[in-house]
Amino acid sequence: MTDRSVTVEAPAKVNLSLLVTGRRPDGYHLLDSLVAFAGVGDTLTASPGLGLTLSVDGPTAASLPEGENIVLKAARLLAEAAGRPADATLHLTKRLPVAAGIGGGSADAAATLTALIRLWGLDLPAERLHALALSIGADVPVCLAGRPTRMEGVGEVLTPAPALPPAWLVLVNPLMPLSTPAVFKARTAGFSEPAPLTEAPADARALAVALAARRNDLTPPAIALLPVIGEMLALIAAQPDCLLARMSGSGATCFGLFATEAAARAAAAALTACQPGWWVAPAPLLG
Ligand code: C5P
């Protein structure tokens, strides 16, 4: 690392609600999702270098798939768009489970774009950056936004969501990857009506009430593919003071919503004691 290193956090993306509202002719699904971020994630550092290299460490580094990493893909595409060589030494500390429905890869890609824009001193027009992010993955634009957002289309239509109240999440993953295309493919239900959040909830309890009126439409197909998700949701919901238990994205990560840090930490400890093999992370909801 040098003085000119740029470090960017890549927080976990959480779909507080996810409605599938339609399907495009190319097979991609239209969504209406309230996306927020949690105070746990990966960390990306970009330093000056000749050529492009990536090193990875961290508790979940070993589960990254072989082959071209999304971080390198993002770096190459950005260099290409900027018409400059992809010179950088990248380091990723991986803490989020992989293929988990909390946007680990998308968050890493967004963090890479943000870090390299700063390292390389680029001034890319916002629309160009948005299109570049979307070409890397449907969730990359919302991860670039990094704040509570209503996500529509296949991930490209972003509107700032009302401010979210102070709240805590406990993220839980069985450390079994679940393929996003497989979950979308296993859907059998019809489409939902869009249901945007229009008012800022006063507190965590009001947020839970607003979310309870919405769903994650990908939960039934995800449970059909990975039944342990049903068990996780039941166990999370059974924790004292849990206001809501829900799956994020296409799974398998589920979350519990809590009003206080103490309640979230107590639930996380109880879940870990009960299922030591699961990944359990208490984290504040980033409002
Ligand atoms: O673009 P991303 O890698 O996030 O999406 C992975 C796959 O998930 C897509 O190839 C598609 O099969 C499915 N998907 C979808 N509708 C979306 C997002 C993803 O059908 N809105």
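Which element gives the largest share of the shell around the ligand? I looked this up in a predicted model. The largest share comes from helix 5, with three residues.

Entry on the shell. I listed the residues that surround the ligand: Gly 27, Tyr 28, His 29, Leu 31, Gly 137, Ala 138, Val 154, Thr 180, Pro 181 and Phe 184. Sorted by class, I get six nonpolar and four polar residues, and no charged ones.

I checked the oxygen atoms of the ligand against N and O atoms of the protein. For His 29, I find a polar side-chain atom 2.8 Å from a ligand oxygen. For Tyr 28, an N or O atom of the side chain is 3.3 Å from an oxygen atom of the ligand. I then looked up the cover: on its own the ligand has 460 Å² of accessible area, and the protein covers 72% of that.

Entry on location. I asked where the ligand sits, and found it in the largest pocket. Two or more shell residues come from strand 2 (29–47), and likewise from helix 5 (180–185).

Entry on domains. Why do I place the ligand between domain 1 and domain 2? I do so because domain 1 (6–160) and domain 2 (168–286) both give residues to the shell around the ligand.

How values were computed. Residues numbered from 1 in each chain as written. Predicted model: local features only at pLDDT ≥ 70, side-chain atom pairs only at ≥ 80, totals over all residues. Heavy atoms only, no water. Near = heavy atom within 4 Å. Polar contact = N/O pair within 3.5 Å; in protein donor to acceptor, adjacent residues only side chain to side chain. Areas by Shrake-Rupley, 256 points an atom, 1.4 Å probe, with all protein chains shown as cover. 1 Å grid on protein atoms, 1.4 Å probe; cavity = no way out; pocket = protein on both sides within 12 Å on 5 of 7 lines; lining within 4 Å. Sits in = over half its atoms within 2 Å of the grid points. Helix = DSSP H or I, 4+ residues; strand = E, 2+ residues; numbered from the N terminus. Nonpolar A, V, L, I, M, F, W, Y, C, P; charged D, E, K, R; others polar. Domains from an automatic or database assignment.
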